[in-house]
Amino acid sequence: LCLNMAGDDASADTWSTKKAGLCESLLQQTGTAEAQATYARACYNVGENAYKLGSYQRAADYLALCLERYEPVAEALGGYHHSEYLARLAYYQIVVTQDFAPALEHAALAADLQPESSFALYNLGYALLFNGQLDAADLVFTRLAERSAGERENVRLDFEAMTAAGLSHPHMEAILAKMGG
């Protein structure tokens, strides 16, 4: 996360890939639902880094693997994991399938389950943006900006990656300006 926030996605990718391998080994050894959730989240991190590096097929593959592994255990593990799964599903629907209406539904459910989760709020904000609900998106992103400058930087980096992938919205600049920069 620190490497991602510093914009060093290549190094973050190296470490995330190593972590995913370790988590997969742990899952094979234990077979627990918790280990499966940990492996799923590690796959998400690899997918997100691949996306930021422009490796879109690798990103899609790892994000899909995350969902495949997380879905069977997320709800049973409780609200936190169910929210995390739904937020990751929304991210996949935004950046891979660009299926924005279901992404908004899933992101809203994730935020309802974990209203203080920055991760859930990011994805809710992105889903609102790409569904044209700009005032609501502004409110979400303003709420994030009130937390810390790091939240704004995360949004900026995500917008940069989305734009590089051909997924942009004319309101992105206004959001960043409202967030304080």
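Analyst: A disulfide is a pair of cysteine sulfur atoms within 2.5 Å. By this rule, the count for this predicted model comes to zero disulfides. Cys23 is in no disulfide, and the nearest cysteine sulfur, that of Cys43, is 8.3 Å away. Cys43 has its closest cysteine sulfur in Cys66, at 6.7 Å, which is too far for a bond. Both Cys23 and Cys43 can also be placed by their accessibility. Cys23 is buried, with a relative accessible area of 8%, and Cys43 is buried at 0%.

Next come the aromatic rings. The structure holds 10 aromatic pairs. One of them joins Tyr44 and Phe119, with 5.5 Å from centre to centre and 85° between the planes, an edge-to-face arrangement. Tyr44 lies in helix H3 (residues 33-52) and Phe119 in helix H7, so the pair ties together parts that are 75 residues apart in sequence. Tyr44 is buried at 2% relative accessibility, and Phe119 is buried too, with a relative accessible area of 18%. The rings of Tyr70 and Tyr85 have centres 6.2 Å apart and planes at 80°, so this pair is edge-to-face. The pair links distant parts of the chain, with Tyr70 in helix H4 (residues 56-74) and Tyr85 in helix H5 (residues 79-95), 15 residues apart. Tyr70 is buried at a relative accessible area of 0%, and Tyr85 is buried at 12%. Ring pairs also link Tyr44, Tyr51, Tyr56, Tyr91 and Phe119 into a cluster.

Ser118 is buried, with a relative accessible area of 17%. The side chain of Ser118 makes a polar contact of 2.7 Å with the side chain of Arg147. Leaving aside neighbours within four places in sequence, Ser118 is in contact with Leu144, Arg147 and Glu151.

Glu151 belongs to the next helix to consider, H9. It is one of the buried residues of H9, among them also Arg152, Val155, Phe159 and Met162. Helix H9 (residues 149-164) has 16 residues and reaches 23 Å from its first C-alpha to its last, close to the 22 Å expected at 1.5 Å a residue. At the start of H9, a side-chain oxygen of Ser148 reaches to within 3.3 Å of the backbone nitrogen of Gly150. After the helix comes Gly166, whose phi is positive, near 90°.

The last topic is the nonpolar packing. In soluble globular proteins, nonpolar side chains tend to be buried together. Here the largest nonpolar core has 59 residues, and those with the most contacts inside it are Ile94, Phe141, Phe159 and Met162. Phe159 and Met162 are also among the buried residues of H9. Ile94 touches Phe100, Ala103, Asn123, Tyr126, Ala127, Phe130 and Leu167, not counting residues up to four places away in sequence.

Conventions
Residues numbered from 1 in each chain as written. Predicted model: local features only at pLDDT ≥ 70, side-chain atom pairs only at ≥ 80, totals over all residues. Heavy atoms only, no water. Core = buried A, V, L, I, M, F, W, Y, C linked by side-chain atoms within 4.5 Å. Buried < 20%, exposed > 50% of the residue type's maximum accessible area, 1.4 Å probe, protein only. Contact = heavy atoms within 4.5 Å. Helix = DSSP H or I, 4+ residues; strand = E, 2+ residues; numbered from the N terminus. Expected span 1.5 Å × (residues − 1). Polar contact = N/O pair within 3.5 Å; in protein donor to acceptor, adjacent residues only side chain to side chain. Phe/Tyr/Trp six-rings, centres within 6.5 Å; stacked < 30°, edge-to-face > 60°.
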